[in-house]
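This report describes sheets, helices and side-chain arrangements in a single protein chain. The sequence and the structure are shown first, and the account follows them.

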Amino acid sequence: MLTQLTQIFRAYHTDLASHRLFLACSGGRDSLSLAWACKLLYEQGELPTLPILLHVHHGWQAANDEWANLVACWAAQHGFECRILSVKLPKNNETFARDARYRALAGVMADGDVLFVAHHADDQAETMLMRLVNGAGVVGLSGMKVWQDRRIQDKQLRLCRPMLQMTRKQISKFAKSHNLPYVNDPTNTNDDHVRGKLRNHVLPVFEQINPQAIQNITRSGQLLAQASEIVSMFIDDKLASAQDALTQMPFCQVLNIGQVVHLPTSVQSSVVHAWLSKGEVLPPSQRLVKDVLGLIHRRDGNHQTRLFWQGEHGHVVCRYGMQIYCYRKEAWECLLAPSCVKWSSGEVVLKQTEECALIWQVLPDFLGKKVQLYPVSRQTIVPLHQGVLIKQLHGKKLMQTLGVPAWLRDNLWLVCVDDFPTLLLTAGQAWRLNKNSKTTGAKFCVMGTDGVKWQADNQITTSDA
């Protein structure tokens, strides 16, 4: 076991040496074995520092106080820093416990910190079988990764699972040989959960068929992970070609339909799946991917269809022309809000909700001049250059000519500088009415009670109208 861990630690030495190390320690056999192995390897110089032990006290079972005390005393005895993190569960079940556990762990960690987790080969086999039963694809069936970047509570943490190649039997032998005082959690063998059924009834049958079943399943996971990397590189390349880079914003992703429809059906599905997954922890459902593909292949002129996806952040997916848009919920709700043009320190707040605002940064060239903004309605007349001619177009015809999506037509402003029409402005796009002007489009910001929480450093479409 120590030899295998040494190889893992050496492979990730640079990352481990440059970040704080933590270890999720329940007091069970697996996590206590990992903690003890870390101590032995630290003493041998294979680990730069001892990890800080983090024990999450759920208060779910009567024995939880005893477990917390065991971890704290054992850590103090062997020179570990230890923190007991108490949480309250809204409901006593595995899902709530897991979510609360990761939130508590992230609460004491910072961006880039490394969290050791004691998942092992049996856990990996169970995970892969659970995903197989639920119809997972190549990515899901590749199982857990030894090294994984994961965003939890707006922190980018690094999970390290150095025992994924070790079986439960190997870890049990290690714990016994070092007389580790671990506890047994009865919920781990409870048939009330899918994982318990697999552990108690399915994997033993596999091991009867082949004693190396668990190792072979985890090896299949490694092979699928390699295949997944190859597929991901291919899909990422196709997605990069299909995304509309000029209208990309952190709160809105845009997909060019023309770059998708010529791809094979299976590739189309994978591209849409990857596009929807950007910034999400959990992947979109097969049904959502199918519905988005349905929007892509529609031939009628109805652009009112909206697809709603909860995800982690909440999203609205819609189509206009030959583009598919995916808005974050905060941004979409901001677009639906009434106009409230407010000037403040070189910025103009065009729309605002409790969570989000649509803001235009006044350009340096315009400062010191008379700058006015007017919402463009269907009756508004705007001078538009068409070749050498200047045509006076009403708002409706103007929006059609510029290809402004239906939901942005109440989010279009005319900017006049020194009483001269200079710019048309909307979320993420701007059109010059004066070819000599330099312009930038409006951008979304997340608002909080203490002001701007996040500001999009987005690329803006600027073109001649």
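A residue is called buried when its relative accessible area is under 20%, and exposed when that area is over 50%. The model discussed here is a predicted one. With a relative accessibility of 7%, F80 therefore counts as buried. W74 is likewise buried, its relative accessible area being 5%.

**Aromatic pairs**

A pair of aromatic rings is described by the distance of the centres and the angle of the planes. The structure contains nine aromatic pairs. In one of them, the ring centres of W74 and F80 lie 5.5 Å apart; the planes meet at 20°, so this pair is stacked. The rings of Y325 and W407 have centres 5.0 Å apart and planes at 80°, so this pair is edge-to-face. Two distant parts of the chain are linked by the latter pair: Y325 belongs to strand β10 (residues 323-328), whereas W407 lies in the loop between α14 (395-402) and β17 (413-417), 82 residues apart. Y325 and W407 are both buried, and together with Y327 and W332 they form one aromatic cluster.

| Pair | Distance between centres | Angle between planes | Class |
|---|---|---|---|
| W74 and F80 | 5.5 Å | 20° | stacked |
| Y325 and W407 | 5.0 Å | 80° | edge-to-face |

A ring also takes part in a contact with a charge: the charged end of R150 sits over the ring of Y102, at 4.4 Å from the ring centre.

**The four-stranded sheet**

Strands of a sheet pair through backbone hydrogen bonds, either parallel or antiparallel. Strand β10, which carries Y325, belongs to an open sheet of four strands in the order β7-β10-β9-β8, paired in the antiparallel sense. Its edges are formed by β7 (252-256) and β8 (306-309), each of which pairs on one side only. On average, neighbouring strands of this sheet are turned by 20° against each other, direction ignored. Between β7 and β10, which run antiparallel, there are five bridges; C252 has Y327 of β10 as its bridge partner. Helix α12 (residues 286-296) lies across β7, β8, β9 (315-320) and β10, and runs at about 20° to β9.

**The six-stranded sheet**

A further open sheet consists of six strands in the order β3-β2-β1-β4-β6-β5, with mixed pairing. Strands β3 (82-86) and β5 stand at the edges with a single partner strand each, so one side of each has no neighbour in the sheet. From one strand to the next, the twist averages 30°. Helix α4 (residues 64-77) packs on this sheet and touches β2 (52-57) and β3; the directions of α4 and β2 make about 170°.

Both senses of pairing can be followed at β6. Strand β4 (residues 114-116) runs parallel to β6 and is joined to it by three bridges, with L115 standing opposite L159 in β6. Strand β5 (residues 147-152), in contrast, pairs with β6 (residues 155-160) in the antiparallel sense over six bridges. Within that pairing, D149 has R158 in β6 as its bridge partner. The two strands form a hairpin with two residues between them, and Q153 in the turn has a positive phi of about 50°.

**Helix α8**

Which residues of helix α8 (residues 168-177) are buried? They are R168, I171, F174 and A175. Viewed down the axis of α8, these buried residues fall within an arc of 125°, so they line one face of the helix. An α-helix has 3.6 residues a turn, so residues three or four places apart point the same way. The cover over the buried residues of α8 includes α1 (2-11), α3 (29-43), α6 (121-133) and α9 (194-209). K169, K173, K176 and S177, on the other side of α8, are exposed. Just after the helix, N179 adopts a positive phi of about 50°.

**The surroundings of K370**

K370 is located in the loop between β13 (356-361) and β14 (371-375). Its relative accessibility is 40%, so K370 counts as partly exposed. Leaving aside residues up to four places away in sequence, K370 touches C416, V417, D418 and D419. The C-alpha atoms of K370 and D419 are 7.3 Å apart in space, although these residues are 49 residues apart in sequence.

Technical notes. Residues numbered from 1 in each chain as written. Predicted model: local features only at pLDDT ≥ 70, side-chain atom pairs only at ≥ 80, totals over all residues. Heavy atoms only, no water. Phe/Tyr/Trp six-rings, centres within 6.5 Å; stacked < 30°, edge-to-face > 60°. Buried < 20%, exposed > 50% of the residue type's maximum accessible area, 1.4 Å probe, protein only. Lys NZ or Arg CZ within 6 Å of the ring centre and 35° of its normal. Pairing = 2+ DSSP bridges. Axes fitted to C-alpha atoms, helices over the stretch in contact; angles between N-to-C directions. Contact = heavy atoms within 4.5 Å. Arc of directions from axis to C-beta.
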